[in-house]
Amino acid sequence: MTLLSFFITTFLSVFLTVMPVQTHAEPLVLSRMPTAVRSSHEGHLHTLILVDKKTNQLHLAHYEADDSFKILKTYHATTGKVKGDKEEEGDLKTPEGVYQFSTIRTPPHLRPKFGPLAFYVNYPNAYDQIAGCNGDNIMLHGTDEPDRLKKDFDSEGCIVVQNEDLQELKKVIQVRLTPVMIFDDLQPQYKNGGRDEKLHRFFDSWIKDWESRDVEKYMSHYHTDFASPIKGRSFDRAQWKAYKGVLTNKYSKIEVNASDPFFFRHPKYTMMMFTQDYISTLKNGRKGLVSRGTKILYIAEEKGEPKIISENFSEMMW
């Protein structure tokens with residue numbers, strides 16, 4: 001047994017008291033890779049959080065090699081006093097969508113009512129901002145009043161769990177990476193996950209057209225309402241197309257090695273994460289931009305087809 005395998009098995013048995021995550025004989029591999037890159041799902045503790053507002057449950061799950069989710073443990077969670085999807089500041093609703101934790105705070109930088117620690121959720125995310133939603137300070141936190149957990153809907157929009165449960169979850173949360181998926185009513189197709197061939201084909205085609213340097217084909221994968229803050233600038237679809245046109249004229253070759261893809265499907269949109277190795281070659285033969293990190297895509301339906309409505313890049317790795 002390798003040291004990594006020993007750590008994973010021991011970690012889950014001690015802290016989660018559930019069945020150990022099984023290793024995978026074959027990792028997920030996209031139908032097309034620009035360069036042969038082995039997916040790294042195997043041997044990694046890729047966890048996510050699912051919140052079901054209808055049942056007031058928070059599920060800790062493991063992302064399996066076939067894009068399915070394996071529930072590891074379930075906790076009780078109290079959510080917003082007002083039912084429905086959050087739209088604006090002060091509406092007392094818990095937002096619905098796919099998020100990540102932007103930061104963690106502990107006392108004395110945290111009010112006592114939030115317990116021993118709090119994970120801030122990145123609401124409003126890129127999709128929420130395009131939809132015109134606002135508000136802030138949405139958290140996954142504990143409480144200094146344990147009796148609050150006896151109520152199903154008692155927060156101002158946050159997700160509240162027992163302090164000991166939060167300490168347990170802290171061990172598997174990666175700030176700015178671990179997805180937290182919040183549902184009004186978590187249906188089996190979203191709770192269980194699973195491979196979506198249409199999304200995989202869309203992703204493969206997008207990578208292929210990106211490498212082709214054909215700006216028209218590349219932009220055909222982008223939503224009419226595309227908007228994204230990239231490299232300190234805010235781009236709409238027309239601006240993004242113009243920017244990519246400049247790069248096309250600058251480079252003679254673009255290589256995008258995409259590996260370790262993860263799809264997080266929600267009724268509103270899909271968030272996708274993958275490891276991106278980007279290499280560009282200038283027309284004089286020298287190397288241009290070379291980067292490696294995690295690319296995050298927000299994919300929404302437009303006329304029945306998946307389109308990228310926002311994207312961002314981080315040098316952090318899940």
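The model is predicted, so local features need pLDDT of at least 70 and side-chain atom pairs count only at pLDDT 80 or more, while totals for chains, interfaces and linings use all residues. Residues are numbered from 1 along each chain as its sequence is written, and side-chain values use heavy atoms, with hydrogens and water left out. Helices (H or I, at least four residues) and strands (E, at least two) are DSSP runs, numbered from the N terminus. Two strands pair if DSSP finds at least two bridges between them.

**The eight-stranded sheet**

- Strands of a sheet pair through backbone hydrogen bonds, either parallel or antiparallel.
- Here, eight strands make an open sheet with mixed pairing, in the order β3-β2-β1-β10-β5-β6-β7-β9.
- Its edges are β3 (69-76) and β9 (159-160); each has a single partner strand, so one side of each is left without a neighbour in the sheet.
- Helix α3 (residues 163-170) packs on this sheet and touches β2 (57-63), β3, β5, β6 (118-121) and β7 (139-141). Contact means heavy atoms within 4.5 Å.
- The direction of α3 makes about 155° with that of β3. Axes are lines fitted to C-alpha atoms, for helices over the stretch in contact, and angles run from 0 to 180 degrees between N-to-C directions.
- Look at β5 (residues 97-105) and β10 (residues 179-183): they run antiparallel and are joined by four bridges. G97 faces I182 of β10 across this pairing.

**The four-stranded sheet**

- Four strands form another open sheet, ordered β13-β14-β15-β16, with antiparallel pairing.
- β13 (251-265) and β16 are the edge strands, each pairing on one side only.
- From one strand to the next, the twist averages 30°.
- Twelve bridges hold the antiparallel pair β13 and β14, and V256 stands opposite Y278 in β14.
- Helix α5 packs on the sheet, where α5 touches β13, β14, β15 and β16; the direction of α5 makes about 165° with that of β13.
- Helix α7 lies across β13, β14 and β16, at about 135° to β13.

- β14 (residues 270-282) and β15 (residues 287-302) are antiparallel partners over eleven bridges; F274 has K295 in β15 as its bridge partner.
- Four residues lie between the strands of the β14 and β15 hairpin, in which G285 has a positive phi near 95°.
- β15 is also joined to β16 (residues 305-314), by nine antiparallel bridges. I296 stands opposite N312 in β16, and E302 stands opposite E305 in β16.
- The hairpin of β15 and β16 has two residues between its strands, and K303 in the turn takes a positive phi of about 55°.
- Is β16 enclosed or open? Seven of its ten residues are buried (under 20% relative accessible area; exposed is over 50% and partly exposed in between, with a 1.4 Å probe and protein chains only), so β16 is largely enclosed by the rest of the structure.

- On a 1 Å grid over the protein atoms alone, a cavity is a set of points where a 1.4 Å probe fits but cannot get out; a pocket is an open set with protein on both sides within 12 Å along at least five of seven lines, and lining residues have an atom within 4 Å of a point.
- Grid points are joined across faces, edges and corners, and a volume is the space filled by probe spheres set on the points.
- The largest pocket holds about 410 Å³ of space. Of its 24 lining residues, K113, F114, N137, E156 and C158 lie nearest the centre.
- β7 and β8 (153-155) each give at least two residues to that pocket's lining.
- The pocket lining has seven nonpolar, five polar and twelve charged residues. Ala, Val, Leu, Ile, Met, Phe, Trp, Tyr, Cys and Pro count as nonpolar, Asp, Glu, Lys and Arg as charged, and the others, Gly among them, as polar.
- The whole structure has four cavities of 30 Å³ or more, and the largest cavity holds about 60 Å³.
- Residues lining the largest cavity include D209, W210 and Y218; α5 (197-212), α6 (215-219) and α7 (237-250) each give two or more residues to this lining.

**M316**

- M316 sits in the segment after β16 and is partly exposed, at 29% relative accessibility.
- Beyond its neighbours within four places in sequence, M316 contacts V175, R176, L177, G293 and T294.
- The C-alpha atoms of M316 and K295 are separated by 9.5 Å, although the two residues are 21 residues apart along the chain.
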